[in-house]
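Hello,

Here is the structure I promised to pass on. Please open it alongside this note.

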Amino acid sequence: DQINNVGFTTHNYYYSETPVSPPAPTGFSPASGSYTSSTTPTVTFNMDKPGDCLAHTSDLSYNDMAAQSNEIVCTGTHPGQFSCAMSLGSDGTKNVYISCKDVIDNKDTAASNNDLSYLLDTAPPQITAAGPTTYQTSSSVTLTAETNENAYCRYSTTSQGYTSMPNQFTVGEGTTSHSKTLTLPDNPYNYYISCTDTLNPMTTSSPVSFTVDTVTPTTSDNA
């Protein structure tokens with residue numbers, strides 16, 4: 001009988017259980033779109049796998065962030081929380097970009113970064129005008145205040161900051177024009193107005209002085 005010898009070749013196949021994509025941060029705090037009164041907020045988040053992240057105020061790839069002299073190196077390990085200590089500068093809308101890579105060098109590009117936006121507001125509103133300031137001939141008197149930004153205002157007969165004032169304006173709250181109508185008997189009056197924005201209440205107040213006089217003057221003819 002003829003014996004046939006058949007040779008066998010062994011093939012090894014490998015596959016990766018690790019997704020070929022950068023880590024995916026979640027649960028950002030403060031959340032994107034939030035107000036902050038801190039010029040140096042710390043942004044925290046979690047990641048879905050081990051890796052590391054950088055942060056910057058410009059939308060750059062991970063490699064380009066790493067080449068900057070002012071990139072923020074976020075600290076933390078997976079599993080657990082990561083944190084990035086930011087410096088946002090002056091008041092206004094601030095963008096923060098988080099760029100990450102995993103342990104096998106899958107890196108974010110500018111297109112895949114996590115883009116965050118914050119409204120930095122470190123100063124209380126300013127009252128630019130308040131009234132009335134003249135004689136009032138009606139017992140129905142409207143206190144008014146104009147602010148340099150959207151705000152909420154209160155009034156009192158005592159000079160004090162916003163948080164201590166007992167009476168809230170009722171019209172225009174959350175805007176720049178505020179009013180409250182009072183019914184007052186004839187007398188001189190001194191009121192004080194103080195306001196707050198989302199984060200920063202005024203600790204001072206603006207005075208408003210006026211007199212209510214509803215009596216019509218009478219005249220007499222002298223013969």
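First, the ground rules. This is a predicted model, in which local features need pLDDT of at least 70 and side-chain atom pairs count only at pLDDT 80 or more, while totals for chains, interfaces and linings use all residues. Residues are numbered from 1 along each chain as its sequence is written, and side-chain values use heavy atoms, with hydrogens and water left out.

The chain overall

The chain has 1 helix and 15 strands. Both are DSSP runs numbered from the N terminus: H or I over at least four residues for helices, E over at least two for strands. Of its 223 residues, 33% are buried, meaning under 20% relative accessible area with a 1.4 Å probe, protein chains only; over 50% is exposed, and partly exposed lies in between. The accessible surface is about 13,100 Å², by the Shrake-Rupley method with a 1.4 Å probe. Carbon and sulfur atoms supply 48% of that surface. Residues 24 or more positions apart account for 66% of them.

Two strands pair if DSSP finds at least two bridges between them.

β1 is joined to β3 (residues 42-46) by 2 bridges. S29 has T44 in β3 as its bridge partner. Between β3 and β6 there are 5 bridges. There, V43 has C84 in β6 as its partner. C84 also sits on the covered face of β6, along with F82. The uncovered face of β6 holds Q81, S83 and A85.

The aspartate

Is D102 buried or exposed? D102 counts as buried, because its relative accessibility is 3%. D102 lies in strand β7 (residues 92-102). Its side chain makes a polar contact of 2.8 Å with that of K49. Another, of 2.7 Å, joins the side chains of D102 and N106. A polar contact is a pair of N or O atoms within 3.5 Å; within protein, one must be able to donate a hydrogen and the other to accept it, and residues adjacent in sequence count only if both atoms are side-chain atoms.

Best regards

How values were computed. Contact means heavy atoms within 4.5 Å.
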